[in-house]
Amino acid sequence: MAELLNDEDMAQLEPAEHVSFHSPVPVRPISNGEIMVGTQTDNQRKVESRIRDLAGEFSRGQGVSRRNFLLTAAGMATAFLAMNEVYGDLFDVNRAEAATLDLADARAKSLASQFVFDVHTHFLRPNPSPDSSLRNIVDLRKLGRKWNPALRLKPPTYEDLSYDNFVKEMFLDSDTKLAILSGAPAENPDEWMLTNDAIAAARARVNAQAGTRRLMSHAVLSPTDVGWLDEVDRAVEVHKPDAWKLYTIGDSNRLEVARPWQLDNEKLAYPGYEKFVKAGIRNVCIHKGLFPPSQERQFPHLTAAARVNDVAKAAKDWPQLNFIIYHAAFRHFGEGVDLKVVYAEFERTGRIDWVSDLAEIPARHGVKNVYCDIGGTFAITCIDHPRLSAAVLGILIKGLGAEHVTWGTDAIWFGSPQWQIEALRRIEIPKDLQKRFGFAPLGAADGPVKSGILGANSARLYGIKPKVASAIFANDKFAGFKADYEASGGRRSNLAYGLVRKEAGPAQA
């Protein structure tokens, strides 16, 4: 989407749906369109190869095609079994589960009612104007079919990133019970993923279709805009958002025009916080991180806004508010970033850039109102270096407290969030890291730590009682839609909806 992706960059990319092998867990770096991504790593190629081999073996034993096998719970288990072979035993999975459809289905059904509250989701508004950078994605998706003429699946469309597919991927193809729809600001109004009006309208539409409150909403604000306090007032009066979304970096799509600001800027930001408190909307969600060294070199004036150095004072000055740092401030993302190097630095120092700074805020500054969301960060690290994923979780839980880590997926860029849900349910911090760095184990898929991260922690922030909400959701229209969908053979597609590097060759299962 961004001008950072120039014509040369765009020529190297294709929609993620075009990859020839649709794995239950992505095996290629995925971009949301804001930044260039690298090629598939050696380990990702190994994981892909093992998933192919194991799925071929297990599908023959079950009498189904490999393609259909990979859409099942056993196919999902197979992906984590392959990841364990390549990365070490990080995921709770065994060969019997992966090889047996009924056994995998039984496990999946036993966890399906778990309260999963995704606080970080996106889709794109329909029909952007002709000069909008959002059109880059539209044009790219049309060109993709020419790049891969052997494609046997339906050609991807802009609608894959729009409302209907969002609802399908979130609520029919995953265990997500409740979600918050977000957006991002842009200097050009035509380049907002969703305007605040559109976010509120989508919330109303989903909830009318469900007959319950399945979708909540952010109001996205840009404090460097003239009249931004008027937008706060308008949002409160017209939309009644469930939380606020801020980007201290400014326009993350076009960094060359971004106007950064600081959370602890008393003159600029604090009048807004005063309005937040008065409105009784206490949750302030802030995009931080995802700002690798390559961007720092190009836009050094934005670095301070991408970091978390401004969080502590704002949190201390405004104890009435909850400051929820999105992406857990993880710094490294995009082309040229080698997560093996990031992990090696963690092994040497016990720290991960900016994540550790965030985790240390409560102890250093005596605040209790700082939280994190792991959207994007968990997905990126999990598919590239799951030991780093485990280290990120260990650092956040040790520093912020397990009850201050919340669940986000940045869906639908990475496809249905079910694979991320399964990854968190299965992952464990290796014992050597627990012992060396003082990390507590994550425990069972339905244990207190993982259940807290997946839903209970955000439920407390938003005044929701999980048991009550779950009982309501179990009998709403969406529950009926999902039951009918599954009974008629509907199942997860294994598609992702971001951008990946082009690959050669025909599509194959």
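My entries follow, by topic.

**Entry: Ile-380**

I was working on a predicted model, so I kept to its rules on confidence. I began with Ile-380 and found it in helix α18, which covers residues 377-384. Is Ile-380 buried or exposed? I read 13% relative accessibility for Ile-380. Buried means under 20%, so Ile-380 counts as buried.

Next I asked which residues Ile-380 touches, setting aside its neighbours within four places in sequence. I noted contacts with Leu-290, Phe-333, Leu-339 and Phe-414. I also checked Ile-380 against His-332. The two are 48 residues apart in sequence, and their C-alpha atoms are 9.4 Å apart in space.

**Entry: cysteines**

How many disulfides does the structure hold? I counted zero. I then looked up two cysteines. Cys-285 has 0% relative accessibility, so I logged Cys-285 as buried. Cys-372 also counts as buried, because its relative accessibility is 0%.

**Entry: cavities**

Rolling a probe the size of a water molecule over the atoms shows where empty space is left. I got six cavities of 30 Å³ or more. The largest cavity has a volume of about 220 Å³. I listed 22 residues lining the largest cavity. Closest to its centre are Ser-23, Pro-26, Asn-494, Leu-495 and Ala-496.

How values were computed:
Residues are numbered from 1 along each chain as its sequence is written. This is a predicted model: local features need pLDDT of at least 70, side-chain atom pairs count only at pLDDT 80 or more; totals for chains, interfaces and linings use all residues. Side-chain values use heavy atoms; hydrogens and water are left out. Helices (H or I, at least four residues) and strands (E, at least two) are DSSP runs, numbered from the N terminus. Buried means under 20% relative accessible area, exposed over 50%, partly exposed in between (1.4 Å probe, protein chains only). Contact means heavy atoms within 4.5 Å. A disulfide is a pair of cysteine sulfur atoms within 2.5 Å. On a 1 Å grid over the protein atoms alone, a cavity is a set of points where a 1.4 Å probe fits but cannot get out, and a pocket is an open set with protein on both sides within 12 Å along at least five of seven lines; lining residues have an atom within 4 Å of a point. Grid points are joined across faces, edges and corners, and a volume is the space filled by probe spheres set on the points.
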